[in-house]
Amino acid sequence: MALRELAELALGAALTAGATYADARFVRRCHQVVSVKNGGVSRMAFAEGAGLGVRVIARGAWGFAATSVLSEASVRGAARQAVELAEAAASSICEPVELAPVEPAVAEVPTCAQIDPFRVPAAEKLDLLMACDAAMDIPGIVVRQAETNAWREEKFFASSEGARIYQERLVTQVEVVATAAGNGEVQRRSWPSSHGGELQARGWEIIEPLSLPARAAEIAREAVELLRADQCPKGRMDIILEGSQLALQLHESCGHPVELDRVLGTEASFAGTSFLTPDKLGTFRYGSEAVNIVADPTIPGAAGSFAYDDEGVQARVADIVRNGIFVGYLNSRETARKLGLDLVPAMRADGWNRLPLVRMTNVNLLPGAAGSLADLLRDTDEGLLLVANKSWSIDDRRLNFQFACELGYRIKNGQLAGLVRNPTYQGMTPQFWASCDAICGEDEWKVWGVPNCGKGEPMQIMQVGHGVAPARFRQVMVGVAD
Amino acid sequence: MSDAMNQALLLDIATAAVEACPADQTEAVCVESVQAVTRFANNVIHQNMADRGRELTVRAVVGRRIGVASGVISTADEARALARQAAELARLARELPDFVSLPSPQPIPPAPETFCCDCAASAARRAEIVKQVLETAAARGLKSAGALSTHVSSIAVVNSLGIRATRTLTRAHLHTVMQAEDSAGYAAAEGPSLADTRPSEVAETAAAKAELGRKPISLDPRPMTVLFEPVAAAELIEFMAFFGFNALQYQEQQSFACDLLGQQACAPTFTLTDDGFDPRTYFTPFDFEGVPKRRVELVKNGVINALVYDSYTAARAKPPAENTGHALPAPNDFGPAPTNLVVSPGPASKQELIASIERGLLVSRIHYLNIVHPRQMILTGMTREGTFLIDRGELVAGVRNLRFTERMVQALGRLAGLGRDGELHGHVWLPPLVIEDFTFTSATEF
């Protein structure tokens, strides 16, 4: 039986078993990783799998079951099991689940990738990674890593309301990392960013503009220099966050607290809740007037983009923060209905065997009027420019955060004035964003891909995007981890 | 299907892959798992899911070139196709120069049967268990959130050098947060059987903490003596151990062991072992390469004593080291990791430990732990859901949550108390720990 027919079968079986709503998601995924470490191929791997997940409402409660055995019997079994799970949950609920209405869509959405990364010969990938490896092979570097990943996902979504949506997604990722060690110190530099490098829902065409071997040589020199650099100073300073670090700052301190399921308490036992409670919607000052944040899953090729989310809701742009005021959430059909909000499509599931949760899409800080990074530096008397994330941590309502970066540059009289190592900074979310007084312009704006956002029980990993331009924050506490 | 039949099937699939693989050496790992998670929040079950899957991973070695193919498979023919794909990937790869060999078979000591069929509990049964927590919350005017998860997995490891190993593992885990208006409490329990989840006890513990923590006070962040309850301490120990005692991180000069191996870095009362046969942990007789897990004394009476190895790191060590059987699934370039950690207990009950603290904190749970500096093992994280001020040996008030930033190995050098009664949390069995001068660096609003 064809896969789309299996999805129809699942819906039928679920409704027959007593569901009042059902959706079925067939997902086929493959993943390739090619990784070079210290001149050897440390990983050359390919993984593939497919399955079907069935989500139902029965007796007013949710149930979900999945199977990777794509036979009629197994699919029917999964549908019935989903209903059984919903009925077991129903004994605990007081109010039935209600969904905001959505016009069921019928669509076929191909990938926007131009060069299929799975068709790029392994030899070509290895030549590139080996060239990066060789470029990083200088005294002081103890670990050289260069890696590329590719993912393909085909998804067919069908609902008992009539939605029938096929979407294809290709993702390409590449990263180089140089680790230096000496005198009891270890320093790491990554390019184009840390924790995953460059990641886009595009094809191999993203690789050439990155000038990887040349950049690999630069970061290796920086890693060695960092061993001898001054330790990050302590105290309150003005800081400029480079794009990839600002992307993660935005992710942790804005993207997560505006997930409406968190706000309503459904993630309280694990990921936590949010300080952006519904009473704050429309009135709370999240940041300075310079701060405008949107959720935009429509950007072609961005890591958090889609045409329809995993409830079949069509992608659209939505304001999250406007002129510093908190105005919107990422939501779902159930959570939007609860608060009487317009739908902001954000339900995404990690594969066929996970149920969708409210996840980030592309949560973007809109560009400002501060020109280029060079302009912003010239406008800054004294401070630090912080580059590439090393570690991150934030409390379970998304207020108190602490970040470490791979390197910092002192800024003196508008000029870069030497490296500092182990830079860290700490703050409270609203006060931090209130201190944002300058954001670079469109020419510096880029959508960064974050490959590994975690949420849910069982854990789900999601690729999301953040469009940012470097920005300045005044009088932030730095040097907190010495 | 019975557990024995299931293991036999997985062995057959893995063997078919190994026999069909056109490579110099081959390893096949076949895992079948059934998991169910019943999540609750706001005193209702809001997510209820189940899934079953079988995955095969084949690692093919051609010379010193390695390829790995993984897939969801149902039949021996699919397994053979995957094996051929792995061999093709190996031929496309280039050498890993310091790779020596897949491991040869070694006798695996028999482990007690740990299959608990109650972990395959029905949806209705799991809902009944969860309702004990929901009802406790409702009766006390609290809001509960949490999850009951059950997991049954069987694994078979076969390689072309003669390794054939199989086992089944079961795990049930319950955790809950109980929320009052301005406070919260957390508790968790787990083990191989549903009975290990102790829902009434978990619910009561979390509820009592939420109630005790009402009207929390704020403290200025500074170094303080802290009693870490086992679920909190487990995260600290796990992070430290995964990175620090990992032979690859050591060989790549990123581990604290590079500076501290052989040194008295922790308190003499602190002993940390990794032992796949310790009954207080989840029995793990062999690793993901089918090598028997050796007992390793990672920290012995405070001395940083040993590392864990897999076949790759053991062979490339200078001089070569013993493979301790701590391999993670392929493809892996993170290195080997200890997953059956045991902190040797001390003499004191938790009440005695609390009574011994003039002024300090009790920390129930940690949030968002991360490594700030791996070589110095600087960790940062937050407290959450049950932080209390201890004054003159008594819990006197709830405390708004604090951020810590601490050098973990040095912190264990200031170990001032070890509990007698341990608990299993994930990969760690341990008692409560008391650490002096634990560094808090900032605070939050709740």
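**Briefing: domains, a sheet and a chain interface**

Chain A is split by the domain assignment, which is automatic or taken from a database, into domain 1 (3-228) and domain 2 (231-478). This is a predicted model, in which local features need pLDDT of at least 70, side-chain atom pairs count only at pLDDT 80 or more, and totals for chains, interfaces and linings use all residues. Residues are numbered from 1 along each chain as its sequence is written, while chains are lettered from A and ligands numbered from 1 in the order in which they are written.

**Domains of chain A**
- The C-alpha centres of domain 1 and domain 2 of chain A are 21 Å apart.
- Contact (C-beta atoms, placed from the backbone, within 7 Å) links 43 residues of domain 1 of chain A with 36 residues of domain 2 of chain A.

**A sheet in chain B**
- Strands (DSSP runs of E, at least two residues, numbered from the N terminus) pair if DSSP finds at least two bridges between them.
- Six strands of chain B, in the order β10-β9-β8-β11-β18-β17, form an open sheet with mixed pairing.
- Its edge strands are β10 (303-304) and β17 (423-425) of chain B, each pairing on one side only.
- Strands β11 (residues 341-343) and β18 (residues 428-430) of chain B run parallel and are joined by 2 bridges; B:Val342 has B:Trp429 as its bridge partner.

**Between the chains**
- In chain B, 72 residues are in contact with 69 residues of chain A.
- Strand β2 (residues 44-62) of chain B gives the most to this side of chain B, with 10 residues.
- Strand β2 (residues 40-58) of chain A runs parallel to strand β3 (residues 65-72) of chain B, with 4 bridges joining them.
- A:Ala45 stands opposite B:Val68 in β3(B).

Note on methods: Two residues are in contact if their C-beta atoms, placed from the backbone, lie within 7 Å.
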